[in-house]
Amino acid sequence: TFLYTPGETTKGFTHIRDGIEIKRIMTVVIIALIPCVIMGLYNTGLQTNLALHNINKIPENIRFDILKSLGVPFNSNSILSNLLVGLSYFLPIYIMTLIVGGLWELIFSLVRKHEVTEGFFVTSLLYPLILPPSIPLWQAAAALSAGIVLGKEVFGGTGKNIVNPALIARAMLFFSYPSNMTGDTVWVGIDGITQGTPLGLFPLGEAVHIDKLNSFIGLTPGSIGETSTLACLIGAFILILSGIGSWRIMISAVFGFLLTSSILYLIGSNTNPTFNITPLEHLLIGGFAFATVYMATDPVSAANTQGGQYIYGFLIGFLTILVRVLNPAFPEGAMLAVLFGNITAPIIDMAIIKYQIKRLDNYNGI
């Protein structure tokens with residue numbers, strides 16, 4: 001039953017409406033995440049190998065000792081090397097997430113006396129992708145525990161969360177350990193070696209050249225799975241084609257994002273360099289594409305009415321740019337924008353439903 005049937009089933013005589021249910025939804029989301037996983041592994045390994053080349057030595061480290069014993073060449077020109085080095089960073093975080101998430105699912109299933117649900121499978125894959133590669137495992141585990149308990153389980157578990165558990169866990173890490181998460185320096189794989197992301201360097205007034213092609217492919221420093229706009233587009237295609245992800249949310253989020261960034265770019269600023277980032281550059285850098293495709297479209301915490309999805313998506317795009325540009329202390333606004341969108345989604349849906357009822361009443365002459 002853990003693999004083939006939902007955690008909650010209807011008793012007695014029922015009408016079969018659709019073959020889709022939580023397990024199939026999560027399976028499709030996991031498939032859609034595969035391009036981001038592959039690009040995340042490659043880019044993490046690439047950035048690490050480039051850093052090793054720059055310091056011209058391989059540090060003494062258990063991770064590197066294991067890779068050396070396996071005969072892995074530390075060469076940024078080797079696709080296999082980049083993938084294996086990236087895997088050595090991703091796999092420990094992923095295993096930790098599976099253990100922590102599975103443990104909390106088991107605890108709450110025993111307390112509530114129901115079967116263990118599969119809700120943590122998507123969270124366990126999303127969470128490592130939105131973290132820097134060398135985040136301390138104990139920090140990631142502590143934040144994930146708080147995110148799962150406070151963001152999902154206290155509201156009833158899988159399918160009842162009001163915010164995305166992986167995102168609320170990342171937010172807790174961001175505010176608790178900002179130096180390990182984002183800002184002017186982000187870990188690129190080697191302890192003691194840091195490299196700033198474009199969004200982190202702009203507020204410092206440093207001259208930043210944004211390579212649009214590399215940013216689109218995902219060959220820039222950043223969180224493990226968020227850097228590739230191309231991989232996110234492939235995932236978006238899968239989610240839209242399967243009907244799991246809302247194209248209304250994605251389109252309206254991009255529209256709100258580009259409109260707001262265009263207005264601020266036209267206004268310009270001599271004191272805030274982030275005003276001078278073009279809308280296209282904003283779109284290619286940072287985690288907006290990942291957040292829009294995989295976080296904002298979460299069917300549980302997103303708006304569900306068609307009209308509400310347009311407002312919800314636009315709000316996320318608008319707030320992302322607002323946080324990025326007007327508050328440079330937070331160089332990535334997508335996380336906060338999606339969380340705010342999650343919280344306001346029920347209000348948006350309620351307003352749309354009331355509007356539709358009022359419009360029908362007026363139409364019927366009531």
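User: Is helix H13 (residues 288-295) largely enclosed by the rest of the structure or largely open, and how many of its residues are buried?

Analyst: In this predicted model, the residues of H13 that count as buried are Phe288, Ala289, Phe290, Ala291, Thr292, Val293, Tyr294 and Met295. Helix H13 is therefore largely enclosed by the rest of the structure, the number of its buried residues being 8 of 8.

User: What is the make-up of the protein chain in helices and strands, and what percentage of its residues is buried?

Analyst: The protein chain holds 15 helices and 2 strands. Among its contacts between residues at least 6 apart in sequence, 73% join residues at least 24 apart. Of the 366 residues in the protein chain, the buried share comes to 51%.

User: How are the rings of Phe257 and Phe288 arranged, stacked or edge-to-face?

Analyst: Phe257 belongs to helix H11 and Phe288 to helix H13, and the pair links distant parts of the chain, 31 residues apart. Both Phe257 and Phe288 are buried. Their ring centres lie 3.9 Å apart and their planes meet at 20 degrees, which is under the limit of 30 degrees, so the pair counts as stacked.

User: How many aromatic pairs are counted, and which class does the pair of Phe255 and Phe314 fall into?

Analyst: The count of aromatic pairs comes to 8. In the pair of Phe255 and Phe314 the ring centres are 6.0 Å apart, and the angle between the planes is 45 degrees, so with planes under 30 degrees apart counting as stacked and over 60 as edge-to-face, this pair is tilted.

User: Which helices does the pair of Phe255 and Phe314 tie together, and is Phe255 buried or exposed?

Analyst: Phe255 lies in helix H11 and Phe314 in helix H14, so the pair ties together parts of the chain that are 59 residues apart in sequence. Phe314, at 29% relative accessibility, counts as partly exposed. Phe255 has a relative accessibility of 51%, and because the cut-off for this class is over 50%, Phe255 counts as exposed.

User: At what angle do the axes of helix H11 and helix H14 cross, and is the crossing left-handed or right-handed?

Analyst: Two packed helices are described by the distance between their axes and the angle between them. The axes of H11 (residues 247-267) and H14 (residues 306-326) come within 7 Å and cross at roughly 35 degrees. The crossing of these two helices is right-handed.

User: Which residues of H11 and H14 take part in the contact, and how many are nonpolar, polar and charged?

Analyst: From H11 the contact draws on residues including Trp247, Ile249, Phe255, Phe257 and Leu264, and from H14 on residues including Tyr310, Gly313, Phe314, Ile321 and Val325. By class, the contact of H11 with H14 is made up of 13 nonpolar, 9 polar and 2 charged residues.

User: What span should the 21 residues of H14 have, and how far apart are its end C-alpha atoms?

Analyst: Residues of H14 that are buried include Gly308, Gln309, Tyr312, Gly313 and Gly317. At 1.5 Å a residue, H14 should span 30 Å, and this agrees with the separation of its end C-alpha atoms, which is 30 Å.

User: Where does Ala345 lie, and which residues does Ala345 touch?

Analyst: Ala345 is part of helix H15 (residues 334-363), and with a relative accessible area of 1% it is buried. Its C-alpha atom is separated by 8.5 Å from that of Gln309, 36 residues apart along the chain. Leaving out residues up to four places away in sequence, Ala345 touches Ser301, Ala302, Ala303 and Tyr312.

User: Is Ser228 buried or exposed, and which residues does Ser228 touch?

Analyst: Ser228 sits in the loop between helix H9 (212-217) and helix H10 (229-242). Its relative accessible area is 2%, so Ser228 is buried. Not counting residues up to four places away in sequence, Ser228 touches Met39, Phe216, Ile217 and Gly218.

User: Is Leu80 buried or exposed, and what distance separates the C-alpha atoms of Leu80 and Tyr42?

Analyst: Leu80 has its place in helix H3 (residues 79-112), and at 55% relative accessibility Leu80 counts as exposed. Leu80 and Tyr42 are 38 residues apart along the chain, and the distance between their C-alpha atoms is 8.4 Å.

How values were computed. Residues are numbered from 1 along each chain as its sequence is written. This is a predicted model: local features need pLDDT of at least 70, side-chain atom pairs count only at pLDDT 80 or more; totals for chains, interfaces and linings use all residues. Side-chain values use heavy atoms; hydrogens and water are left out. Axes are lines fitted to C-alpha atoms, for helices over the stretch in contact, and angles run from 0 to 180 degrees between N-to-C directions. Helices (H or I, at least four residues) and strands (E, at least two) are DSSP runs, numbered from the N terminus. A crossing is left-handed if the near helix is turned anticlockwise from the far one by less than a right angle, and right-handed if clockwise. Contact means heavy atoms within 4.5 Å. Ala, Val, Leu, Ile, Met, Phe, Trp, Tyr, Cys and Pro count as nonpolar, Asp, Glu, Lys and Arg as charged, and the others, Gly among them, as polar. The expected span of a helix is 1.5 Å times one less than its number of residues. Buried means under 20% relative accessible area, exposed over 50%, partly exposed in between (1.4 Å probe, protein chains only). Rings of Phe, Tyr and Trp (its six-membered ring) pair if their centres lie within 6.5 Å; planes under 30 degrees apart count as stacked, over 60 as edge-to-face and the rest as tilted.
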